[in-house]
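Subject: Structure handover

Hello,

Here is the structure you will be working with. Please open it first and keep it on screen while you read the notes that follow.

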Amino acid sequence: MNILDFSFTAYEEEFQLDLTQRLARILPKNWQDESYVINNSNEKWLHLAEEITKDLSKDRLLTLAWPKKYGGLEETNLKQTIFNHVISYLAAPINNIAGIQWIGPTLMMHGNEEQKTIYLPRIAEAIDKWCMLYSEPTAGSDLASLQTRAIKNGDNYIINGQKLWSSNANFANLGLLAARTNPEAPKHKGISNFIVPMDSKGISINPIEDINGNKNLNEVYFDNVIVSAKNLVGHENRGWYQMASSIDFERSGVGAFSNAKRNIEKLVTIIKDNPNIAKNKKSARDDIADRWIELNTGFNLAFKIPLLQDAGINPTYEASVSKLYGAELTQKIAQTGMSILGMDGQLKNNSVKYSAADNYLASVANTIASGTSEIQRNTIANQGLGLPR
Ligand SMILES: Cc1cc2nc3c(=O)[nH]c(=O)nc-3n(C[C@H](O)[C@H](O)[C@H](O)COP(=O)(O)OP(=O)(O)OC[C@H]3O[C@@H](n4cnc5c(N)ncnc54)[C@H](O)[C@@H]3O)c2cc1C
């Protein structure tokens, strides 16, 4: 397949259909309605995530582009992206997205053979749940200024500090931690990454309720936490370069567009079924048409990434292009939904079973999580276009 050819082969189409049918058998019958109003720290959501993640892991579908020896099927990155697309499009609850989509691939690139052999198959088999422990109260966009310290002590490191906004740390049993190992070196050159068991003595986790009432974000405190030197990933003080890869993996997801597709399709259905909703809103048709065009542009940006990977090219600024476009499109769709549904959209259980308000509130974080839009634009300007800083 040519990199500019974004169509799926018959084999990929068949995979998409099979996966959709498989998930339809597991998801509750009314899931397509319920999924628009349920929040993802709800018991039902968590229970379904457990069931679906286990089911998919049986056929190694979570990690199908990984090498067989680490629990994959050695399929293409494009097929993995189709998998991710179907999951998000159906809003199928799934666990350990961080482990599957960005921490696992980072360990594959930078971990030693022992770490890969221990941890990667456990991600593929849906045994472990990971969280990413990078951001701190004073280190988000400027991640290299992080202050959490790791001091070598014999065969161990002793960790002290605080992490913030750690998604799903309250559900994870393992974390990928970035900590400063050399405070004398320039800030990018004194950071190391560690695999940390989240039940280690001295770790305390404090969930933070978000704007939608979900409890997936956390503060994580490290108070003299002992981590084995065996858990150092790659070389000491080279952690910054590993973080750059994991952040690129995180930004590469297709999920924003798959979600956008289901939201636009839902709005179209609502308007068709209830023509009065959009009757006096002249811009509704134009807005939806614009979102649809943007969605199709976005899919091309997102699917370009696995095609580059399958061609042996490592995407960098392309991940920022896709992430930025997806985050801003998500917010535009949320605004379109609010303006079309008006007061009805403010209600969680409204007549059209679509909580525009929840979507609107949730979308605020999209242009912050995994790097703000300003940071994506900086990356595109510097790395993509070679503009001076
Ligand atoms: C939902 C969500 C989930 C998250 N999950 C995780 C997680 O699992 N693990 C983790 O480690 N972190 C996580 N984060 C943290 C996230 O990576 C940071 O919030 C993000 O990088 C921004 O950092 P900050 O919040 O410190 O904002 P700041 O860096 O303080 O930025 C404040 C403002 O200044 C702007 N700004 C800063 N620097 C520049 C610059 N150089 N040029 C132009 N503008 C600039 C920013 O764009 C922003 O508007 C999550 C965040 C959210 C919202």
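Predicted model: local features only at pLDDT ≥ 70, side-chain atom pairs only at ≥ 80, totals over all residues.

An oxygen atom of the ligand is 3.0 Å from a polar backbone atom of tyrosine 134. A nitrogen atom of the ligand is 2.9 Å from a polar backbone atom of methionine 132. How much of the ligand does the protein bury? The ligand taken alone exposes 980 Å², and the protein buries 62% of that.

The shell around the ligand

There are 18 residues around the ligand, and those that come nearest are Ser135, Ser141, Trp165, Thr372 and Glu374. By type, the shell divides into 8 nonpolar, 9 polar and 1 charged. Helix 12, residues 373-384, gives the most to this shell, with 3 residues.

Which domains supply the shell with at least three residues each? They are domain 2 (131-237) and domain 3 (252-384). The domain assignment of the protein also gives a domain 1, covering 10-95. Taken over C-alpha atoms, the centres of domain 2 and domain 3 are separated by 31 Å.

Tryptophan 165 is found in the loop between strand 3 (156-164) and strand 4 (174-180). Its phi is near 60°, a positive value in a residue other than glycine. With a relative accessible area of 49%, tryptophan 165 is partly exposed, because exposed would require over 50%.

Aromatic pairs

A search of the whole structure finds 5 aromatic pairs. Two are described here.

In one of them, the rings of tyrosine 119 and tryptophan 130 have their centres 5.8 Å apart. Their planes are at 80°, so the pair is edge-to-face; the cut-off for that class is over 60 degrees. This pair links distant parts of the chain, with tyrosine 119 in helix 6 (residues 113-124) and tryptophan 130 in strand 1 (residues 130-133), 11 residues apart. Both tyrosine 119 and tryptophan 130 are buried.

Another pair joins phenylalanine 257 and phenylalanine 299, with ring centres 6.2 Å apart and planes at 50°, so this pair is tilted. Here too the pair links distant parts of the chain: phenylalanine 257 is in helix 8 (residues 255-273) and phenylalanine 299 is in helix 9 (residues 283-310), 42 residues apart. Are these two residues buried or exposed? Phenylalanine 257 counts as buried at 1% relative accessibility, and phenylalanine 299 counts as buried at 11%. Phe257 and Phe299 also belong to a cluster linked by ring pairs, together with Phe8 and Phe303.

Lysine 79 lies in helix 4, residues 77-89. Its relative accessibility is 7%, so lysine 79 counts as buried. What joins the side chains of lysine 79 and tyrosine 11? It is a polar contact of 2.8 Å.

Alanine 91 lies in the loop between helix 4 and helix 5 (97-110). Alanine 91 has a positive phi of about 55° although it is not a glycine. At 19% relative accessibility, alanine 91 counts as buried, because the cut-off for buried is under 20%.

Serine 246 has its place in helix 7. Its relative accessible area is 0%, so serine 246 is buried. How far apart are serine 246 and threonine 106 in sequence and in space? They are 140 residues apart in sequence and 5.4 Å apart in space, C-alpha to C-alpha.

Tyrosine 241 is also found in helix 7, which covers residues 239-251. At 35% relative accessibility, tyrosine 241 counts as partly exposed. The C-alpha atoms of tyrosine 241 and alanine 124 are separated by 25 Å, and these residues are 117 apart along the chain.

Regards

Methods. Residues numbered from 1 in each chain as written. Heavy atoms only, no water. Near = heavy atom within 4 Å. Polar contact = N/O pair within 3.5 Å; in protein donor to acceptor, adjacent residues only side chain to side chain. Areas by Shrake-Rupley, 256 points an atom, 1.4 Å probe, with all protein chains shown as cover. Helix = DSSP H or I, 4+ residues; strand = E, 2+ residues; numbered from the N terminus. Nonpolar A, V, L, I, M, F, W, Y, C, P; charged D, E, K, R; others polar. Domains from an automatic or database assignment. Phe/Tyr/Trp six-rings, centres within 6.5 Å; stacked < 30°, edge-to-face > 60°. Buried < 20%, exposed > 50% of the residue type's maximum accessible area, 1.4 Å probe, protein only.
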